[in-house]
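Welcome, and please open your viewer. We will go from one selection to the next and say what is there.

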Amino acid sequence: MKMNWVIYSIIASISFAGMILIYKKLLLFGINQNLLNFYIFGFVFLGFASIIYINKTPVKLSYLMIILLILASIFSLIGNFSQVNAYATASNPGYASTLVATQLILITILSVLFFRSEFSWIKFLGIVLVMFGSYLVAS
C-alpha cells in the first residue's frame with residue numbers, strides 16, 4: 001500500500017518539529033550556525049546517497065533540471081542559513097518556525113500562477129487566518 005500525501009505530510013511535520021527542537025538545543029550548547037547546517041546537510045547527503053544506491057535510482061537530468069536544481073539550492077542555502085539564525089536568536093524556536101511556516105501563503109498563491117492550482121474564497125480565508133494566527137503566535 002502506498003502512503004498518500006497527507007500521511008507523508010504528518011510524518012514530515014513531526015520530523016521537522018523534532019529537528020527544530022534539536023537545532024535549538026545544539027545552538028544553546030554553542031554550535032556555530034554554519035557548522036550546524038554543514039553537518040546536518042552532510043549527514044542528509046549521505047542518507048540520500050545511500051537511498052539512491054540501495055534503490056539503484058537512475059540519475060538522468062536534463063539541462064533545465066540542472067538549472068532548476070542549482071536555483072533551488074541557492075534558495076535552500078539562503079533559507080536554511082536564515083532559518084537557523086532565526087532559531088538561534090529567538091527565545092522560542094516556535095516563534096521563528098511560525099513565521100517561516102507562512103511560506104505556505106506564497107507557495108499557495110504562486111502555485112496558482114505556475115501550476116494552475118485552484119484558488120477559492122475558502123483558500124483566501126485560510127490565508128488570512130494563517131496570517132492572523134502567525135501574528136498571534138509570534139507576538
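Start with α3 and α4, whose crossing is right-handed (the near helix is turned clockwise from the far one by less than a right angle). Helices here are DSSP runs of H or I with at least four residues, numbered from the N terminus. To find this pair, select residues 63-89 for α3 and 93-101 for α4; they pack at an angle of about 150°, with axes 7 Å apart. The axes are lines fitted to C-alpha atoms over the stretch in contact, and angles run from 0 to 180 degrees between N-to-C directions.

A word on what you are viewing: this is a predicted model, in which local features need pLDDT of at least 70, side-chain atom pairs count only at pLDDT 80 or more, and totals for chains, interfaces and linings use all residues. Residues are numbered from 1 along each chain as its sequence is written, and side-chain values use heavy atoms, with hydrogens and water left out.

Next, show the side chains at the crossing of α3 and α4. From α3, Gln 83, Ala 86 and Tyr 87 make the contact, and from α4, Pro 93, Ala 96, Ser 97 and Val 100 (contact means heavy atoms within 4.5 Å).

Now select Gly 79, Asn 80, Gln 83, Val 100 and Gln 103. Of the 28 residues lining the largest pocket, these lie nearest its centre. A pocket is an open set of points on a 1 Å grid over the protein atoms alone, where a 1.4 Å probe fits, with protein on both sides within 12 Å along at least five of seven lines; lining residues have an atom within 4 Å of a point. The space in the largest pocket is about 1,100 Å³, a volume filled by probe spheres set on grid points joined across faces, edges and corners. Which helix gives the most to this lining? Colour α3, which supplies eleven residues.

Move on to the second largest pocket, with about 220 Å³ of space. Its lining includes Asn 34, Phe 41, Leu 69, Ser 76 and Phe 81. Here too α3 gives the most, with seven residues.

Finally, select α5, residues 103-115. The 13 residues of α5 reach 17 Å from first C-alpha to last, close to the 18 Å expected at 1.5 Å a residue (the expected span is 1.5 Å times one less than the number of residues). Just after α5, stop at Arg 116, which takes a positive phi of about 55°.

How values were computed. Helix = DSSP H or I, 4+ residues; strand = E, 2+ residues; numbered from the N terminus.
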